[in-house]
Amino acid sequence: MREPLLSAAQVARSAVRSTTLDDGSALVKQVRLVVDGGAVVNVEVADTVLTRARGLLFRGALPDALLLRPCTSVHGAWMRVPLDVALLSADLRVLHTQVLRPWGMTRPRRGVTQVLEAPAGSFARWGLRPDSRLTLGLTAA
């Protein structure tokens, strides 16, 4: 059975699956991340000012992945661990990937509208690379 796929607008409008952050401060949506047609993990969607500002900072445990939208670049200030970072176009095509070290930053690139972050090593496990096509689907209950 195929998973229903969600557009960026549908994710922004829907509370597909909402949870609070560790400190109970902000609500984040969770959707299923699909890389090149294969479902991978649940991803938190940070699409409000508060959830984007918080990002992965000061979390006790990192989620499987975090999608920041809209977003053109990220930094690793106050981070303690390296992250895999993918810079994405509006249609969720991977334009660039890199490992972001603590206190590092990505530089803005033409066409980037959102950023995917995950613990270092995740992209290799998922087969995510430049030119990969990502889609977002409903999470399993």
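Rings of Phe, Tyr and Trp (its six-membered ring) pair if their centres lie within 6.5 Å. By this rule, the count in this predicted model is two aromatic pairs. Phenylalanine 123 and tryptophan 126 form a tilted aromatic pair, 5.7 Å centre to centre with 45 degrees between the planes. Both residues sit in helix H3 (residues 122-126), three residues apart, so about one helical turn separates them.

Phenylalanine 123 counts as buried because its relative accessibility is 5%. Tryptophan 126 has 13% relative accessibility and therefore also counts as buried.

Aspartate 84 touches Phe123, and its contacts also include Gln98, Leu116 and Pro119. Aspartate 84 belongs to strand S6 (residues 83-88). Which side chain of opposite charge is nearest to aspartate 84? That is arginine 125, 6.7 Å away. Aspartate 84 is buried yet has no salt bridge. A salt bridge needs a side-chain nitrogen of Lys or Arg within 4 Å of a carboxyl oxygen. The aspartate 84 side chain instead reaches the backbone nitrogen of glycine 121.

Glutamine 114 lies in strand S8 (residues 114-119). Its relative accessibility is 3%, so glutamine 114 counts as buried. Its side chain makes a polar contact with the side chain of arginine 69. A polar atom of that glutamine 114 side chain also lies close to the backbone oxygen of serine 89, at 3.0 Å. Among the residues that glutamine 114 touches are Leu67, Cys71, Ala86 and Leu92.

| Side chain | Partner | Distance |
|---|---|---|
| Glutamine 114 | Arginine 69, side chain | 2.7 Å |

Key: Residues numbered from 1 in each chain as written. Predicted model: local features only at pLDDT ≥ 70, side-chain atom pairs only at ≥ 80, totals over all residues. Heavy atoms only, no water. Helix = DSSP H or I, 4+ residues; strand = E, 2+ residues; numbered from the N terminus. Buried < 20%, exposed > 50% of the residue type's maximum accessible area, 1.4 Å probe, protein only. Lys, Arg positive; Asp, Glu negative; His and termini not counted. Polar contact = N/O pair within 3.5 Å; in protein donor to acceptor, adjacent residues only side chain to side chain. Contact = heavy atoms within 4.5 Å. Phe/Tyr/Trp six-rings, centres within 6.5 Å; stacked < 30°, edge-to-face > 60°. Lists of a residue's contacts leave out its neighbours within four places in sequence.
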